[in-house]
Amino acid sequence: MMARRGELCALDVQDVAEVEHGLEVLVRRSKNDPSATDHLVAVPHGRDPQTCPVLLWRAWATLLADQWITAGAVFRRIHRSGRIGDRLSGQSIYTIVHDASERAGLGGAEVQPHSLRAGRATGAYLGGADPLLIGRHGHWRDGLRTALGYIRDIDRSAHNPMRGSGL
């Protein structure tokens, strides 16, 4: 899912449903949707059990249910004591992404929550996804032009459009 911080913060448990193909996530609030028209996002199963969104959702939903949390915020604070708290804020997500990138040695300051959207868009594009579909999935307002701005040059040689031009 190529969600914005605000969309992640606004997700409630009842907005996530497990279906045959993976998950369906109902995004109720979006930056580019002032009329608050719900947007249903499909999230497929992953190949790696450690990063599969469906398996991770199941584990998180089970943990929430074990704490008697069956409604309300999906993404919540976890206190040092292990107690699950209230809804995360956009600033909390910024801090989490920044700190995780620092611990992973990725340079912290260069990695922003927006990097998550760019990374997913780039990964989808490199995987062969149609840029128009990437834009729709990411819920970008003006479609193709804005979505293409999120796709980063990873290897300018391997993905050079001039490769097949016969030069």
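I began with Asp12: it counts as buried, at 15% relative accessibility. The cut-off for buried is under 20%, so Asp12 falls inside it. I note that the model is predicted.

Next I looked up the partner of Asp12. Its side chain meets that of Arg87 in a salt bridge, 2.6 Å from N to O. The pair links distant parts of the chain, 75 residues apart. Arg87 sits in strand E5, residues 84–87. Asp12 lies in the loop between helix H1 (5–10) and strand E1 (16–19). I checked Arg87 too: it is partly exposed, with a relative accessible area of 34%.

Then I ran a search of the whole structure, and it gave four salt bridges. I followed up two more of them.

Which residue does Glu18 pair with in a salt bridge? I found Arg58, with 2.5 Å from N to O. This pair also links distant parts of the chain, 40 residues apart. Glu18 belongs to strand E1, and Arg58 to helix H2, residues 53–66. I read a relative accessible area of 39% for Glu18, which is partly exposed. Arg58 is partly exposed as well, at 37% relative accessibility.

My last entry is Asp86. It forms a salt bridge with Arg77, and the closest N and O atoms are 3.1 Å apart. Are these residues buried or partly exposed? I have Asp86 as partly exposed, at 46% relative accessibility. Arg77 is likewise partly exposed, at 32%.

Technical notes
Residues are numbered from 1 along each chain as its sequence is written. This is a predicted model: local features need pLDDT of at least 70, side-chain atom pairs count only at pLDDT 80 or more; totals for chains, interfaces and linings use all residues. Side-chain values use heavy atoms; hydrogens and water are left out. Helices (H or I, at least four residues) and strands (E, at least two) are DSSP runs, numbered from the N terminus. Buried means under 20% relative accessible area, exposed over 50%, partly exposed in between (1.4 Å probe, protein chains only).
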